[in-house]
Amino acid sequence: MIFIDACFGKPTPYTPVWMMRQAGRYLPEYMRVRAQAGDFLSLCKDYKKASEVTLQPVDILGVDAAILFSDILVVPMEMGMELKFVKGEGPVFPKPIISMDDLDRLSSDKAVKNLSYVYDTIKLTRDKLPQDRALIGFCGAPWTIATYMIEGGSTKTYNICKKMVYNNPQFLHAILRKVTNALKLYLAEQIKAGVNAIQIFDSWAGALEKSAYMEFGFSYINEIVDFIKSDYPEIAVIVFPKGISGFLEDINGQFDVLGVDWSTPLQKVKKSLGAKYVLQGNMEPARLYSKDAIDDGVDEILSIMCGKRHIFNLGHGILPDIPVENAKYFIKSVQEKSAKYMK
(Lines give C-alpha, C1' and ligand atoms only; values in the text may rest on other atoms or scores of the structure.)
Protein backbone atom coordinates (compact mmCIF):
# COMPACT_ATOMS: atom_id res chain seq x y z
CA MET A 1 0.00 0.00 0.00
CA ILE A 2 1.49 3.32 -1.06
CA PHE A 3 -0.02 5.11 1.93
CA ILE A 4 1.45 2.68 4.48
CA ASP A 5 4.83 2.71 2.74
CA ALA A 6 4.80 6.50 3.00
CA CYS A 7 3.89 6.35 6.69
CA PHE A 8 7.03 4.33 7.33
CA GLY A 9 9.22 6.61 5.22
CA LYS A 10 9.67 4.15 2.35
CA PRO A 11 10.04 5.37 -1.25
CA THR A 12 6.75 5.74 -3.16
CA PRO A 13 5.99 6.47 -6.84
CA TYR A 14 4.16 9.66 -5.82
CA THR A 15 3.07 11.40 -2.63
CA PRO A 16 -0.09 9.72 -1.33
CA VAL A 17 -2.99 12.04 -0.54
CA TRP A 18 -6.21 11.96 1.44
CA MET A 19 -8.31 14.56 3.25
CA MET A 20 -9.59 14.85 6.77
CA ARG A 21 -13.43 14.83 6.70
CA GLN A 22 -13.26 13.44 3.17
CA ALA A 23 -16.43 11.43 3.85
CA GLY A 24 -18.60 14.46 4.48
CA ARG A 25 -21.15 17.07 3.56
CA TYR A 26 -19.43 18.40 0.42
CA LEU A 27 -20.36 15.12 -1.33
CA PRO A 28 -23.98 14.84 -2.59
CA GLU A 29 -23.62 11.06 -2.32
CA TYR A 30 -22.85 11.40 1.37
CA MET A 31 -25.82 13.69 1.95
CA ARG A 32 -28.17 11.16 0.35
CA VAL A 33 -26.96 8.35 2.60
CA ARG A 34 -27.14 10.61 5.67
CA ALA A 35 -30.73 11.55 4.79
CA GLN A 36 -31.58 7.87 4.53
CA ALA A 37 -30.04 7.23 7.96
CA GLY A 38 -32.07 10.05 9.55
CA ASP A 39 -29.36 11.80 11.54
CA PHE A 40 -25.61 11.79 12.13
CA LEU A 41 -25.50 9.34 15.05
CA SER A 42 -27.85 6.94 13.28
CA LEU A 43 -25.46 6.98 10.33
CA CYS A 44 -22.52 6.22 12.62
CA LYS A 45 -24.41 3.26 14.12
CA ASP A 46 -25.57 1.78 10.80
CA TYR A 47 -22.46 -0.11 9.79
CA LYS A 48 -23.57 -0.71 6.21
CA LYS A 49 -24.27 2.96 5.58
CA ALA A 50 -21.16 4.03 7.52
CA SER A 51 -19.08 1.73 5.34
CA GLU A 52 -20.72 3.12 2.21
CA VAL A 53 -19.75 6.71 3.04
CA THR A 54 -16.26 5.61 4.13
CA LEU A 55 -15.70 4.20 0.64
CA GLN A 56 -17.22 7.11 -1.31
CA PRO A 57 -14.09 9.34 -1.42
CA VAL A 58 -12.00 6.43 -2.73
CA ASP A 59 -14.45 5.78 -5.55
CA ILE A 60 -15.29 9.41 -6.33
CA LEU A 61 -12.02 11.26 -5.71
CA GLY A 62 -9.34 8.57 -5.99
CA VAL A 63 -7.74 9.24 -2.60
CA ASP A 64 -5.01 6.85 -1.49
CA ALA A 65 -6.60 5.97 1.84
CA ALA A 66 -10.06 5.70 3.31
CA ILE A 67 -10.70 6.89 6.85
CA LEU A 68 -13.32 5.21 8.96
CA PHE A 69 -16.56 7.16 9.13
CA SER A 70 -17.43 7.70 12.78
CA ASP A 71 -17.02 10.39 15.44
CA ILE A 72 -14.56 10.87 18.29
CA LEU A 73 -17.43 11.31 20.77
CA VAL A 74 -18.98 7.88 20.32
CA VAL A 75 -16.48 6.71 22.95
CA PRO A 76 -17.77 8.82 25.89
CA MET A 77 -21.31 8.25 24.61
CA GLU A 78 -20.89 4.49 24.84
CA MET A 79 -19.14 4.86 28.18
CA GLY A 80 -22.52 6.06 29.44
CA MET A 81 -22.87 9.76 28.63
CA GLU A 82 -25.93 11.08 26.81
CA LEU A 83 -24.88 12.69 23.52
CA LYS A 84 -26.95 14.88 21.21
CA PHE A 85 -26.05 16.68 18.00
CA VAL A 86 -27.91 20.01 18.04
CA LYS A 87 -28.28 22.01 14.83
CA GLY A 88 -26.25 25.20 15.10
CA GLU A 89 -24.45 24.00 18.24
CA GLY A 90 -22.85 20.70 17.31
CA PRO A 91 -22.27 17.93 19.86
CA VAL A 92 -23.84 18.42 23.29
CA PHE A 93 -23.52 16.38 26.48
CA PRO A 94 -26.57 17.54 28.51
CA LYS A 95 -25.05 16.17 31.73
CA PRO A 96 -21.30 16.94 31.71
CA ILE A 97 -18.84 15.42 34.15
CA ILE A 98 -18.72 17.56 37.30
CA SER A 99 -17.94 15.03 40.06
CA MET A 100 -16.15 11.77 40.73
CA ASP A 101 -19.55 10.10 41.02
CA ASP A 102 -20.30 11.17 37.44
CA LEU A 103 -17.00 9.68 36.32
CA ASP A 104 -17.49 6.47 38.27
CA ARG A 105 -20.74 5.83 36.43
CA LEU A 106 -18.86 5.59 33.14
CA SER A 107 -17.45 2.26 31.97
CA SER A 108 -14.52 1.76 29.59
CA ASP A 109 -15.31 -1.93 29.16
CA LYS A 110 -18.94 -1.14 28.35
CA ALA A 111 -17.86 1.38 25.74
CA VAL A 112 -15.58 -1.05 23.94
CA LYS A 113 -18.34 -3.67 23.82
CA ASN A 114 -21.03 -1.19 22.73
CA LEU A 115 -18.89 0.12 19.87
CA SER A 116 -19.29 -3.12 17.90
CA TYR A 117 -20.94 -1.18 15.07
CA VAL A 118 -17.60 0.56 14.47
CA TYR A 119 -15.78 -2.75 14.17
CA ASP A 120 -18.49 -4.04 11.81
CA THR A 121 -18.01 -0.92 9.67
CA ILE A 122 -14.28 -1.60 9.51
CA LYS A 123 -14.70 -5.28 8.56
CA LEU A 124 -17.18 -4.52 5.80
CA THR A 125 -15.10 -1.63 4.48
CA ARG A 126 -11.87 -3.61 4.46
CA ASP A 127 -13.63 -6.37 2.50
CA LYS A 128 -14.81 -3.88 -0.13
CA LEU A 129 -11.79 -1.59 -0.25
CA PRO A 130 -9.18 -2.34 -2.95
CA GLN A 131 -6.22 -4.14 -1.43
CA ASP A 132 -3.83 -1.39 -2.46
CA ARG A 133 -5.78 1.26 -0.52
CA ALA A 134 -5.26 1.72 3.21
CA LEU A 135 -8.01 2.01 5.79
CA ILE A 136 -7.33 4.50 8.58
CA GLY A 137 -8.94 4.04 11.97
CA PHE A 138 -8.97 6.87 14.47
CA CYS A 139 -9.84 8.26 17.86
CA GLY A 140 -9.85 11.63 19.52
CA ALA A 141 -6.99 12.36 21.88
CA PRO A 142 -7.90 12.08 25.59
CA TRP A 143 -7.55 15.84 26.16
CA THR A 144 -9.85 16.76 23.27
CA ILE A 145 -12.48 14.19 24.26
CA ALA A 146 -12.29 15.29 27.90
CA THR A 147 -12.99 18.92 26.97
CA TYR A 148 -16.37 17.91 25.55
CA MET A 149 -17.15 15.69 28.54
CA ILE A 150 -16.34 18.49 30.99
CA GLU A 151 -17.64 21.53 29.11
CA GLY A 152 -20.77 19.76 27.84
CA GLY A 153 -19.99 20.57 24.21
CA SER A 154 -17.88 22.85 22.05
CA THR A 155 -16.22 25.82 23.70
CA LYS A 156 -14.13 28.81 22.68
CA THR A 157 -12.70 29.52 26.13
CA TYR A 158 -12.24 26.07 27.75
CA ASN A 159 -12.74 27.88 31.04
CA ILE A 160 -14.20 24.90 32.93
CA CYS A 161 -11.42 22.59 31.73
CA LYS A 162 -8.71 25.14 32.36
CA LYS A 163 -10.01 25.87 35.83
CA MET A 164 -9.70 22.15 36.48
CA VAL A 165 -6.11 22.13 35.15
CA TYR A 166 -5.02 24.57 37.84
CA ASN A 167 -7.59 24.05 40.65
CA ASN A 168 -8.27 20.30 40.50
CA PRO A 169 -5.63 18.59 38.39
CA GLN A 170 -6.15 15.26 40.15
CA PHE A 171 -9.75 15.08 38.95
CA LEU A 172 -8.76 15.99 35.40
CA HIS A 173 -6.11 13.26 35.43
CA ALA A 174 -8.75 10.79 36.64
CA ILE A 175 -10.98 11.69 33.68
CA LEU A 176 -8.07 11.46 31.25
CA ARG A 177 -6.99 8.13 32.73
CA LYS A 178 -10.43 6.59 32.21
CA VAL A 179 -10.72 7.92 28.66
CA THR A 180 -7.20 6.74 27.81
CA ASN A 181 -7.94 3.23 29.05
CA ALA A 182 -11.08 3.11 26.91
CA LEU A 183 -9.24 4.41 23.83
CA LYS A 184 -6.50 1.80 24.07
CA LEU A 185 -9.06 -1.00 24.10
CA TYR A 186 -11.09 0.68 21.37
CA LEU A 187 -8.13 1.08 19.03
CA ALA A 188 -7.04 -2.50 19.63
CA GLU A 189 -10.47 -3.63 18.45
CA GLN A 190 -10.24 -1.37 15.39
CA ILE A 191 -6.89 -2.95 14.53
CA LYS A 192 -8.27 -6.47 14.99
CA ALA A 193 -11.17 -5.54 12.70
CA GLY A 194 -8.79 -4.59 9.89
CA VAL A 195 -7.53 -0.99 9.90
CA ASN A 196 -4.01 -0.44 8.56
CA ALA A 197 -3.23 2.81 10.35
CA ILE A 198 -4.48 4.86 13.29
CA GLN A 199 -4.78 8.63 13.51
CA ILE A 200 -5.15 10.36 16.88
CA PHE A 201 -6.89 13.72 16.57
CA ASP A 202 -6.04 16.33 19.21
CA SER A 203 -8.16 19.15 17.82
CA TRP A 204 -7.90 21.31 20.95
CA ALA A 205 -4.18 20.82 21.64
CA GLY A 206 -3.59 24.53 21.10
CA ALA A 207 -5.93 25.47 23.96
CA LEU A 208 -3.24 24.83 26.59
CA GLU A 209 0.11 26.41 27.38
CA LYS A 210 3.11 24.18 26.76
CA SER A 211 3.63 22.78 30.26
CA ALA A 212 -0.06 22.02 30.69
CA TYR A 213 -0.36 20.42 27.28
CA MET A 214 2.63 18.15 27.82
CA GLU A 215 1.15 17.01 31.14
CA PHE A 216 -2.56 16.78 30.33
CA GLY A 217 -2.42 16.24 26.58
CA PHE A 218 0.64 14.81 24.92
CA SER A 219 1.63 12.42 27.70
CA TYR A 220 -1.65 10.53 27.25
CA ILE A 221 -1.25 10.47 23.46
CA ASN A 222 2.18 8.91 23.92
CA GLU A 223 0.74 6.31 26.28
CA ILE A 224 -1.70 5.26 23.56
CA VAL A 225 1.06 5.27 20.94
CA ASP A 226 3.31 3.13 23.13
CA PHE A 227 0.45 0.67 23.65
CA ILE A 228 -0.16 0.32 19.92
CA LYS A 229 3.50 0.03 19.02
CA SER A 230 4.06 -2.57 21.74
CA ASP A 231 1.22 -4.85 20.63
CA TYR A 232 0.80 -3.90 16.96
CA PRO A 233 4.15 -2.63 15.59
CA GLU A 234 2.99 -3.12 11.99
CA ILE A 235 0.28 -0.48 12.40
CA ALA A 236 1.22 3.03 11.26
CA VAL A 237 0.36 5.70 13.84
CA ILE A 238 -0.40 9.32 12.93
CA VAL A 239 -0.65 12.03 15.58
CA PHE A 240 -2.40 15.31 14.74
CA PRO A 241 -2.05 17.90 17.53
CA LYS A 242 -3.61 21.07 16.14
CA GLY A 243 -2.11 24.44 17.05
CA ILE A 244 1.20 23.49 18.68
CA SER A 245 3.62 25.38 16.43
CA GLY A 246 5.00 27.21 19.46
CA PHE A 247 6.50 24.14 21.08
CA LEU A 248 7.52 21.74 18.33
CA GLU A 249 10.85 21.16 20.09
CA ASP A 250 9.01 19.26 22.83
CA ILE A 251 7.24 16.82 20.50
CA ASN A 252 8.60 13.32 20.90
CA GLY A 253 7.26 9.77 20.75
CA GLN A 254 7.15 6.44 18.92
CA PHE A 255 4.51 7.48 16.38
CA ASP A 256 5.35 7.42 12.67
CA VAL A 257 3.61 10.46 11.19
CA LEU A 258 3.05 13.96 12.54
CA GLY A 259 0.02 15.77 11.14
CA VAL A 260 0.67 19.48 10.57
CA ASP A 261 -2.18 22.00 10.69
CA TRP A 262 -2.43 24.76 8.08
CA SER A 263 -1.42 27.54 10.51
CA THR A 264 1.98 25.93 11.15
CA PRO A 265 4.74 26.64 8.59
CA LEU A 266 5.65 23.31 7.02
CA GLN A 267 9.24 24.41 6.44
CA LYS A 268 9.60 25.02 10.17
CA VAL A 269 8.30 21.55 11.05
CA LYS A 270 10.47 19.91 8.42
CA LYS A 271 13.56 21.58 9.84
CA SER A 272 12.86 20.55 13.43
CA LEU A 273 11.08 17.19 13.07
CA GLY A 274 11.20 16.11 9.41
CA ALA A 275 14.08 13.71 9.91
CA LYS A 276 12.31 12.02 12.81
CA TYR A 277 8.74 11.82 11.51
CA VAL A 278 6.98 11.58 8.19
CA LEU A 279 4.97 14.81 7.92
CA GLN A 280 1.32 14.96 6.88
CA GLY A 281 -0.43 18.04 5.57
CA ASN A 282 -0.81 20.92 5.49
CA MET A 283 -2.62 22.86 2.77
CA GLU A 284 -5.09 25.52 3.87
CA PRO A 285 -8.54 23.92 3.31
CA ALA A 286 -9.99 27.14 1.86
CA ARG A 287 -7.60 26.84 -1.10
CA LEU A 288 -10.00 24.24 -2.47
CA TYR A 289 -12.42 27.02 -3.39
CA SER A 290 -10.12 27.94 -6.31
CA LYS A 291 -8.20 25.75 -8.75
CA ASP A 292 -5.53 28.43 -9.09
CA ALA A 293 -5.15 28.46 -5.30
CA ILE A 294 -4.95 24.67 -5.33
CA ASP A 295 -2.13 24.78 -7.88
CA ASP A 296 -0.19 27.35 -5.88
CA GLY A 297 -0.69 25.48 -2.59
CA VAL A 298 0.28 22.09 -4.01
CA ASP A 299 3.35 23.52 -5.75
CA GLU A 300 4.54 25.28 -2.61
CA ILE A 301 4.21 22.23 -0.37
CA LEU A 302 5.78 19.87 -2.89
CA SER A 303 8.70 22.27 -3.31
CA ILE A 304 9.26 22.13 0.46
CA MET A 305 8.95 18.35 0.87
CA CYS A 306 10.39 17.31 -2.53
CA GLY A 307 8.43 14.08 -2.49
CA LYS A 308 10.21 12.71 0.57
CA ARG A 309 8.81 11.66 3.96
CA HIS A 310 5.48 13.29 3.24
CA ILE A 311 1.77 12.47 3.03
CA PHE A 312 -0.31 15.18 1.39
CA ASN A 313 -3.41 16.36 3.24
CA LEU A 314 -5.23 19.51 4.15
CA GLY A 315 -4.21 21.30 7.32
CA HIS A 316 -7.66 20.54 8.75
CA GLY A 317 -10.92 19.08 7.47
CA ILE A 318 -12.38 19.80 4.04
CA LEU A 319 -15.08 22.47 4.22
CA PRO A 320 -18.70 21.46 3.50
CA ASP A 321 -19.25 23.85 0.58
CA ILE A 322 -16.17 22.91 -1.45
CA PRO A 323 -17.08 21.97 -5.05
CA VAL A 324 -16.56 18.24 -5.65
CA GLU A 325 -14.85 19.08 -8.95
CA ASN A 326 -12.21 21.05 -7.02
CA ALA A 327 -11.65 18.21 -4.56
CA LYS A 328 -11.05 15.84 -7.48
CA TYR A 329 -8.72 18.37 -9.06
CA PHE A 330 -6.73 18.63 -5.82
CA ILE A 331 -6.23 14.87 -5.46
CA LYS A 332 -5.21 14.40 -9.10
CA SER A 333 -2.92 17.41 -8.97
CA VAL A 334 -1.01 16.07 -5.97
CA GLN A 335 -0.63 12.60 -7.45
CA GLU A 336 0.55 13.82 -10.87
CA LYS A 337 2.79 16.65 -9.74
CA SER A 338 4.46 14.74 -6.92
CA ALA A 339 5.39 11.87 -9.26
CA LYS A 340 7.82 14.24 -11.00
CA TYR A 341 9.80 14.57 -7.76
CA MET A 342 10.31 10.79 -7.59
CA LYS A 343 12.20 10.51 -10.88
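1. A quick definition to start: a residue is called buried when its relative accessible area is under 20%. Aspartate 71 sits at 16% relative accessibility, so it counts as buried. Please keep in mind that this is a predicted model.

2. Staying with aspartate 71, you will find it in the loop between strand E1 (65–67) and helix H5 (74–79). Beyond its neighbours within four places in sequence, aspartate 71 is in contact with Phe40, Cys44, Phe85 and Phe138. Its side chain also reaches the backbone nitrogen of leucine 73, at 2.9 Å.

3. The largest pocket holds about 1,400 Å³ of space. Its lining is made up of 40 residues, and Arg21, Arg25, Phe40, Asp71 and Phe85 lie nearest the centre. Elements giving two or more residues to that lining are helices H2 (28–37), H3 (40–45) and H9 (142–151), together with strands E2 (84–86) and E3 (90–92). By class, the lining has 21 nonpolar, 11 polar and 8 charged residues.

4. On the annotation side, an unreviewed UniProt entry lists Arg21, Gln22, Ala23, Gly24, Arg25, Asp71, Tyr148, Ser203 and His316 under "binding site". These residues span 296 residues in sequence, and the farthest two C-alpha atoms are 23.0 Å apart, so they do not all gather at one spot. Even so, the lining of the largest pocket takes in Arg21, Gln22, Ala23, Gly24, Arg25, Asp71, Tyr148, Ser203 and His316 from this set.

5. Serine 203, another residue in that UniProt list, is in the loop between strand E5 (197–202) and helix H12 (210–231). Serine 203 has 18% relative accessibility and therefore counts as buried. Leaving aside neighbours within four places in sequence, serine 203 is in contact with Thr144 and Lys242.

Notes. Residues numbered from 1 in each chain as written. Predicted model: local features only at pLDDT ≥ 70, side-chain atom pairs only at ≥ 80, totals over all residues. Heavy atoms only, no water. 1 Å grid on protein atoms, 1.4 Å probe; cavity = no way out; pocket = protein on both sides within 12 Å on 5 of 7 lines; lining within 4 Å. Points joined across faces, edges and corners; volume = space filled by probe spheres on them. Helix = DSSP H or I, 4+ residues; strand = E, 2+ residues; numbered from the N terminus. Nonpolar A, V, L, I, M, F, W, Y, C, P; charged D, E, K, R; others polar. UniProt positions renumbered as here; feature names shortened; annotations may be inferred. Buried < 20%, exposed > 50% of the residue type's maximum accessible area, 1.4 Å probe, protein only. Contact = heavy atoms within 4.5 Å. Polar contact = N/O pair within 3.5 Å; in protein donor to acceptor, adjacent residues only side chain to side chain.
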